[in-house]
Amino acid sequence: MSKFKLKWPGVARRPYILMIAATVCAAAWSASAQDAIEPEAAKILAAMSDNLKSMPSLSVTYDADQEIVDLEGQKIQYSASGTIALDRAKGFLLTRQGPFADAEVVFDGSTISLHSKRVNVYAQLQSPGPSVEAAAGELRAATGLDAPGADLLASDPYAVLTDGVTKGTVVGSAFVGGVECDHLAFRTDIVDWQIWVSKGSNPLPLKYVITTKWVTGAPEYSLRLSNWKSAGIGAAQFKFTPPANAKKLEHVHADVTGDISLEVGE
């Protein structure tokens with residue numbers, strides 16, 4: 001049996017799949033969560049979420065840094081870049097170039113295809129439903145990994161982001177990529193997270209940092225987002241055709257390091 005590694009961000013604050021539970025339980029948590037978040041922080045986060053929700057399609061580029069603490073206690077940061085294209089009614093395309101992979105994940109409304117360009121192998125999963133949320137949930141359930149910034153791409157980002165929040169504050173103003181932003185900080189029982197939202201009438205997330213609180217060294221996952229666009233996303237890019245000589249793999253799963261392992265029988 002041959003084994004390939006397809007590196008993808010393995011640190012996500014919250015899986016899409018919990019969004020269903022968050023929606024169902026909204027009435028239960030909303031009062032305490034809302035009480036825990038400063039009104040101005042809630043207002044800024046809600047405005048950003050409403051802006052994202054208003055986009056039926058969008059694209060954005062990202063740079064991600066993921067910290068790993070090894071068994072000797074040394075912290076190593078892995079950096080990668082990629083793109084996200086999303087049409088809420090038709091599918092998504094995620095690309096990533098990093099130290100371990102040149103890969104893409106494509107969802108066409110029914111099938112999720114994972115392709116490692118570097119070794120020209122691919123695997124496919126059937127989504128339980130046509131929605132982006134269903135596909136993202138299946139991707140995580142099958143592989144243990146999330147799409148980069150999955151929380152931000154949910155149909156209701158505010159509900160997902162504030163699920164389990166015990167404190168939310170406005171830190172102040174800051175600049176990301178030369179753009180003035182509102183800097184917000186939130187706490188949950190498991191992670192702390194920060195988000196930088198561009199000021200103005202079109203608020204968008206430009207930076208997102210998640211700190212794992214109860215792991216030695218408190219490793220962080222950070223995401224910088226740029227080149228937000230809401231037009232020009234054609235459905236054709238959500239169609240995956242296996243390249244010539246690409247080998248189809250039978251299994252895809254995440255191992256304990258956060259890698260996706262793709263396996264194929266000889």
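This is a short tour of a predicted model, going from the whole chain to single residues.

**Whole chain**

Start with everything shown as a cartoon. The chain contains five helices and 15 strands. Colour by burial next: of the 266 residues in the chain, 52% are buried.

**Helix α3 and the residue Leu 52**

Select residues 39-53, which are helix α3. Within helix α3, pick Leu 52. Is Leu 52 buried or exposed? Its relative accessibility is 0%, so Leu 52 counts as buried.

Now show what surrounds this side chain. Leaving aside residues up to four places away in sequence, Leu 52 touches Arg 88, Leu 152, Pro 157, Leu 204, Pro 205 and Trp 228.

**The end of α3: Lys 53 and Asp 50**

Stay in helix α3 and select Lys 53 with Asp 50. The two form a salt bridge, with 3.9 Å between the closest N and O atoms. Both residues lie in α3, three residues apart, or about one turn of the helix. An α-helix has 3.6 residues a turn, so residues three or four places apart point the same way. Lys 53 counts as partly exposed because its relative accessibility is 38%. Asp 50, at 44%, is also classed as partly exposed.

**Other salt bridges**

How many salt bridges does the count come to? The total is five. Side chains of opposite charge can pair when their charged atoms come close.

Select Glu 67 and Lys 75. Their side chains meet in a salt bridge at 3.4 Å, N to O. Glu 67 counts as buried, with a relative accessibility of 13%, whereas Lys 75 is partly exposed at 39%.

Move to Lys 199 and Asp 182. The closest N and O atoms of this salt bridge are 2.6 Å apart. Here the pair links distant parts of the chain, 17 residues apart: Lys 199 sits in the loop between β10 (191-198) and β11 (205-212), while Asp 182 belongs to strand β9 (residues 179-187). Lys 199 is partly exposed, with a relative accessible area of 35%. Asp 182 has a relative accessible area of 14%, and is therefore buried.

Then select Arg 187, Asp 192 and Lys 213 together. Salt bridges with shared partners join these three residues into one network.

**Helix α4**

Finish at residues 132-143, helix α4. The helix has 12 residues, and the distance from its first C-alpha to its last is 16 Å, close to the 16 Å expected at 1.5 Å a residue.

Which residues of α4 are buried? They are Val 132, Ala 134, Ala 135, Ala 136, Gly 137, Leu 139 and Thr 143. Show these side chains against the cartoon to see where they lie on the helix.

Step just past the end of α4 to Gly 144, which takes a positive phi of about 85°.

Notes
Residues numbered from 1 in each chain as written. Predicted model: local features only at pLDDT ≥ 70, side-chain atom pairs only at ≥ 80, totals over all residues. Heavy atoms only, no water. Helix = DSSP H or I, 4+ residues; strand = E, 2+ residues; numbered from the N terminus. Expected span 1.5 Å × (residues − 1). Buried < 20%, exposed > 50% of the residue type's maximum accessible area, 1.4 Å probe, protein only. Salt bridge = Lys/Arg side-chain N within 4 Å of Asp/Glu carboxyl O. Contact = heavy atoms within 4.5 Å.
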